[in-house]
Amino acid sequence: MEECRPVLNTGLRGVVIADTRICEVDGANGRLIYRGYMVQDLAENASFEEVAFLLLYEKLPDSAELAEFKRRLLAERHLPPEVIDVLKKRPKDALPMDILQAAVPLLAHHDPDTADQSMEAVLRMSIRLIAKLAIVVAAWDRIRNDKEPVEPSADLDHAANFLYMLSGEIPDEEMGRFLDKALVLHAEHSFNASTFAAREVASTRAHIYASIAAAIGSLSGDLHGGANTRVMEMLFKIGSVDKVTDFVNQEFDAGRVIFGLGHAVYDTDDPRAEIIASMSKVLEDKRGKSHWYEISAKLEKTGKAEFKKRKGSDIYVNVDFYSGSLYFSMGIPADLYTPVFAISRIAGWCAHVVEEQFAGAAPKPTLYRPESEYIGDYCGPDVCEFTPLDDR
Ligand SMILES: CC(C)(COP(=O)(O)OP(=O)(O)OC[C@H]1O[C@@H](n2cnc3c(N)ncnc32)[C@H](O)[C@@H]1OP(=O)(O)O)[C@@H](O)C(=O)NCCC(=O)NCCS
């Protein structure tokens, strides 16, 4: 009798593949917890730098630790001139996520620690990556617009400095704080696709730059981080509140998804979405220059109702939905929304690489190696018979 093995063509949904101390996503109750802290509390009370420290070092920093961590990030807030030169030679219409992914191995070439497999070296590289990915994104936007990259400011925190390096203008305090909150909210989300990609590469004992390049590639997809840019494209296409219902019907009729709705884990609204929505509303009300929040709010309501009508079940809003209107109000170009996700999630990816390589909570495979069930043909009835070229 043939051996019967379970085959999981389900994208590993519901399959627990490792223990982690970094993050819990409680999809049933809509709770997101970084190292024991509710994400809402972190967004309200902690900066991105504090959260990056928490993820990497397993505790919130005290004032001295935070000052030292910020000093180390600031010391890395620049790119090697050779990397800037390479960016200047890229086609101006290259996809920003491709640029970001390609920049990671370039940065590795200038990192003295890549051959050092100690945990201390991986943490040093993590700090460099957290500081530098944001600089790559800002520098690339300047370069593709025929402008020189802006020199970093030592007076601004990570989020405000990113906005400054993007536009050349110091953002107002509220906008800097709102981006900082958004970075906190995006910093970590357990074993999502990109984090799994990072950990899978880390399990081979490749250096952290290889893990991060893989993670950025994974994040770029529309069903993952790429959804926030797709949300903004959708809003541009809709154009005005009165067009929302027609748009929703048209997308459902065509069997397309409404970006920013649905999640692989949450059975509730994403706990991050409400905070992002409220920041988006505040900025839109204050600036009065756009109506993307208003359209998003109608789209959420109409999309949810239409889904219920057609599928008989509920669908919920995810983190990407209101990121579109929020980042628009901050003056960030729509195709940089996913890179902005990456400059935050880099903190979580690095924490996972460290955990994968050094701090697993329980025995785990030294190398991820799932199996597949072969369902293809064999070339002969009993054996694989090779057919010479002339006989085919
Ligand atoms: C995120 C996502 C991939 C999760 O998928 P999932 O929970 O595994 O659900 P499935 O892809 O299996 O979809 C289940 C059903 O809901 C539908 N559905 C899921 N998300 C939908 C959406 N955003 N809009 C319309 N229909 C949607 C699917 O078409 C499918 O319908 P079917 O059963 O008739 O084929 C999915 O919701 C999606 O594509 N969302 C849009 C992209 C997005 O916002 N991604 C960012 C995630 S943070």
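Which residues are the closest to the ligand, and how many surround it?

## The ligand shell

In this predicted model, the ligand is surrounded by 15 residues, of which A227, V257, L261, G262 and N318 are the closest. Sorted by class, the shell around the ligand comprises 10 nonpolar residues, four polar residues and one charged residue.

The buried residues of α7 are H158, A159, A160, N161, F162, L163, Y164, M165 and L166.

The elements that cover these buried residues include α2 (48-57), α3 (63-75) and α6 (119-144), together with α8 (173-186) and α16 (337-358). After α7 comes G168, a residue whose phi is positive, near 85°.

## Packing of α6 against α7

Two packed helices are described by the angle between their axes and by the distance between those axes. For α6 and α7 the angle is about 15°, and the axes lie 8 Å apart. Since angles under 35 degrees count as roughly parallel, α6 is therefore roughly parallel to α7. The crossing of α6 and α7 is right-handed.

On the α6 side, the residues that meet α7 are A134, I135, A138 and D141, while α7 contributes H158, F162, M165 and L166. By class, this contact of α6 with α7 has six nonpolar residues, one polar residue and one charged residue. H158, F162, M165 and L166, which meet α6, are also listed among the buried residues of α7.

Technical notes
Residues numbered from 1 in each chain as written. Predicted model: local features only at pLDDT ≥ 70, side-chain atom pairs only at ≥ 80, totals over all residues. Buried ≥ 20, exposed ≤ 12 C-beta atoms within 10 Å, placed from the backbone. Helix = DSSP H or I, 4+ residues; strand = E, 2+ residues; numbered from the N terminus. Contact = placed C-beta atoms within 7 Å. Axes fitted to C-alpha atoms, helices over the stretch in contact; angles between N-to-C directions. Parallel < 35°, antiparallel > 145°, perpendicular 65-115°, else oblique. Left-handed = near helix turned anticlockwise from the far one by under 90°. Nonpolar A, V, L, I, M, F, W, Y, C, P; charged D, E, K, R; others polar. Near = placed C-beta within 6 Å.
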